[in-house]
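Subject: Structure handover

Hello,

Here is the structure I promised to pass on. Please open it first, then read my notes below.

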Amino acid sequence: MIDRIAFLARVEKYHKAGWRLSLINATTIMPAEGMDHGAFDVAWAFARGTEFETIRERIMPGDELPSISESFGAAFLYENEMRELFGINVTGIGLDLQGQLYKTAARVPFSPSAIRARLEALGRPEPVAKHGTATASGTATASGAAEKPGAAEKPA
Amino acid sequence: MANPLKLPMVRRSLRNLVSRPATRRYPYEIRPRFEGARGTIEFDVETCNYCMLCARRCPAAAITVSREDRVWAIEHLTCIGCNVCVEVCAKKSLTMSKESKPVHTRAEVGPQGQRPGHEEWHKPAPAEAPAVS
Amino acid sequence: MKRTVIPMGPQHPVLPEPLVLDLILEDEKVVDAIPTIGYVHRGLEMMVERVEYTEMGFVVERICGICSFMHGMGYCVSLESIMNVEVPDRARWLRLIWAEISRVQSHLLWLGLGADAFGFENLFMHCWRMREQILDIFEKTTGGRIIHSVNRIGGVKRDISDSALAAILLEMQALGAAFKETARVFGTDPSIAHRLGGVGVLSTEDARAVDAVGPMARASGIATDTRLIGANFYDRLEFEPLVETAGDCLARVVVRMREIDQSIDLIRQAIDKMPKGEGQPIENKPRGNPLGEVFTRLEQPRGEVLYYVKANGTKNLERFRARTPTFANIPAMIKLVKGCDLADVPNIILTIDPCISCTER
């Protein structure tokens with residue numbers, strides 16, 4: 001669950017300090033061992049000149065995510081896309097396009113169940129969650145050495 | 001109303017009127033493609049050892065190889081011209097020629113049901129001469 | 001007053017790509033505009049499930065035909081950050097040179113389309129004739145006119161010899177000199193001044209409020225340029241963001257024209273500073289699978305593009321997101337369209353340099 005007041009206050013601080021909204025991105029986290037349903041990793045990226053910072057939150061399916069349209073009016077496109085492709089419940093979007101933004105064949109193509117169905121159809125097991133750590137703020141660059149070098153079948 | 005002679009594009013327009021056209025009269029004049037242009041993939045059936053690396057690395061899955069039947073086939077219209085197969089082939093059986101791919105205007109279907117743009121090489125047992133279909 | 005609704009799009013002669021704007025008019029003034037996109041949505045971000053990370057570069061560079069090189073470059077730069085691959089110097093210079101040539105090509109394309117939007121077909125053809133020379137340069141050096149496929153993770157696949165680079169520089173400088181005539185047309189033609197001057201004014205505060213990027217922001221007085229971050233060897237070159245203050249369509253035309261000259265100068269600086277000589281390494285192949293995530297920002301011709309790549313140690317990436325500059329400029333376009341005349345709508349849509357294929361991936 002996301003603390004609405006604190007979150008919106010944090011976003012408004014960025015707005016007052018002259019930052020520009022650069023991206024609102026959602027990533028589906030497939031349910032790993034110990035989780036009974038998937039989750040979404042949402043990142044809000046702000047840029048000011050050469051500086052770049054992100055807010056990262058983990059959302060459960062069905063959680064209500066407040067829109068930041070009051071601070072950043074341009075957020076409506078990203079939030080409409082998040083709602084349509086991921087099924088994240090974003091409330092209060094400035095310009096609500098009612099699910100008509102992209103006309104996809106499947107209803108919510110990036111929900112955990114849809115991704116699992118596609119991976120099974122491709123005959124691939126779900127990837128084991130070995131995520132790099134996501135930092136809550138600051139440039140989220142987490143690089144780590146690959147842990148399965150044997151999977152590469154080609155010589156250099 | 002502006003004086004037409006003062007419009008800055010007029011001089012260029014008059015020059016265009018009396019100079020040769022900037023466009024080529026395709027298909028009667030065809031510009032030869034530059035060296036190194038990405039065109040069509042060419043295959044040399046003699047040197048291939050059916051390691052299947054090209055089929056595995058093709059991003060568009062345009063190449064099908066069968067080691068048991070000794071068949072190598074490519075769908076030219078699926079090929080995106082990325083050159084990865086040429087780079088990974090250890091026997092240098094593949095080259096990228098600069099000629100453009102042939103244009104298929106009708107949905108021609110070959111005797112074995114091949115689609116337009118499909119090209120296939122068979123290499124039967126070494127005693128016989130190889131056949132191209 | 002009676003209101004009429006005119007749907008503009010998805011197919012329209014001035015639009016390079018399909019876009020629908022339902023214009024609500026009172027007499028000839030646009031009161032409101034409701035956008036609908038999604039006609040070119042190909043689901044390219046879903047391809048990460050099917051396509052391995054080595055092959056995803058080819059998918060990414062086909063997101064758009066105009067900005068193709070920088071998409072490929074951005075993907076490879078992101079993966080190189082994740083996998084800690086050291087790219088050889090010559091490869092990075094070559095990428096910079098190709099990127100700047102791509103910027104010139106994109107601006108020339110846009111100048112032609114912008115002229116065509118208000119009917120100046122002669123100028124449109126003239127700009128595109130100049131652009132053909134650049135596409136020939138691309139075919140000679142990369143093998144393809146629009147889709148280049150030279151970027152690989154760890155470097156580039158083709159080298160350009162020093163003599164070829166010198167010849168390219170001469171060609172680009174000749175193009176820049178020939179472009180001066182076109183720039184004069186854009187600057188002094190009375191019909192262009194009438195159609196574009198004072199139209200679609202975006203003030204500095206409004207540009208900040210709608211989070212405009214690229215030439216949209218620079219023409220409204222905001223000195224922002226993602227190349228100033230200094231990544232990819234841009235910190236070794238001298239340049240400044242080109243800023244205009246008028247904020248109208250004509251100012252955006254002027255910004256893009258000046259950027260053509262700036263890019264040709266950057267190519268000259270890069271060729272000067274490159275390490276010379278034959279046989280230098282241009283690719284450093286990575287080993288293993290990527291693990292980690294990264295945000296990468298580049299300056300495409302239309303503004304700041306942002307890539308988010310998340311990899312989980314397998315051959316398939318987990319998430320790839322390309323937030324293209326047109327995606328960020330669409331709120332600006334919607335804001336500008338409200339309150340303008342019906343005849344100005346095509347000019348305003350074209351002025352954000354819409355690349356709807358990029359927006360919808």
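Arg20(A) has Ala47(A) in β2(A) as its bridge partner. Leu21(A) is likewise partnered with Phe46(A) in β2(A). Nine bridges join β1(A) and β2(A), which pair in the antiparallel sense. Two strands count as paired if DSSP finds at least two bridges between them. Strands are DSSP runs of E with at least two residues, helices are runs of H or I with at least four, and both are numbered from the N terminus.

A word on the source: this is a predicted model, in which local features need pLDDT of at least 70 and side-chain atom pairs count only at pLDDT 80 or more, while totals for chains, interfaces and linings use all residues. Residues are numbered from 1 along each chain as its sequence is written, and chains are lettered from A and ligands numbered from 1 in the order in which they are written.

Chain A

The sheet here is open and has three strands, in the order β1-β2-β3 (chain A), with antiparallel pairing. β1 and β3 (51-59) of chain A are at the edges with a single partner strand each, so one side of each lacks a neighbour in the sheet. On average, neighbouring strands are turned by 15° against each other, direction ignored. Angles run from 0 to 180 degrees between N-to-C directions, and axes are lines fitted to C-alpha atoms, for helices over the stretch in contact.

β1(A) is mostly covered, with nine of its 10 residues buried. Buried means that 20 or more other C-beta atoms lie within 10 Å of the residue's own; exposed means 12 or fewer, partly exposed is in between, and C-beta atoms are placed from the backbone. Across chain A, 33% of the 156 residues count as buried.

Which helix of chain A is largely enclosed by the rest of the structure? It is α2 (residues 76-86), because 11 of its 11 residues are buried. Among them are Phe76(A), Tyr78(A), Met82(A) and Phe86(A). Charged residues are on that list too, including Glu79(A) and Arg83(A). For these classes, Asp, Glu, Lys and Arg count as charged; Ala, Val, Leu, Ile, Met, Phe, Trp, Tyr, Cys and Pro as nonpolar; and the others, Gly among them, as polar. The cover over α2(A) includes β1 (20-29), β2 (39-48) and β5 (89-91) of chain A, together with α10 (325-337) of chain C. After α2(A) comes Gly87(A), with a positive phi near 80°.

In total, chain A has three helices and six strands. Their pattern along the sequence is α-β-β-β-β-α-β-α-β. Of the contacts in chain A between residues at least 6 apart in sequence, 54% join residues at least 24 apart. Two residues are in contact if their C-beta atoms, placed from the backbone, lie within 7 Å.

Chain B

β2 (residues 63-66) and β3 (residues 71-75) of chain B run antiparallel and are joined by four bridges. Ser66(B) has Val71(B) in β3(B) as its bridge partner. The two strands form a hairpin with four residues between them. Arg70(B), in the turn, has a positive phi of about 55°.

Chain B also touches chain C. That contact takes 16 residues from chain B and 18 residues from chain C. On the chain B side, 10 are nonpolar, four polar and two charged.

Chain C

Chain C has an open sheet of three strands too, ordered β1-β2-β3 (chain C) and paired antiparallel. β1 (3-8) and β3 (29-36) of chain C are its edges, each with a single partner strand, so one side of each has no neighbour in the sheet. The twist averages 20° from one strand to the next. Seven bridges link β2 (residues 20-26) of chain C to β3(C) in the antiparallel sense. Ile24(C) stands opposite Asp32(C) in β3(C). α10(C) packs on this sheet, touching β2 and β3 of chain C, and its direction makes about 155° with that of β3(C).

Last, a helix pair. α3 (residues 89-117) and α4 (residues 121-142) of chain C pack at about 165°, with axes 7 Å apart. That makes α3(C) roughly antiparallel to α4(C). Angles over 145 degrees count as roughly antiparallel, under 35 as roughly parallel, 65 to 115 as roughly perpendicular and the rest as oblique. The residues of this contact divide into 15 nonpolar, two polar and three charged. They include Leu108(C) in α3(C) and Trp128(C) in α4(C).

Best wishes
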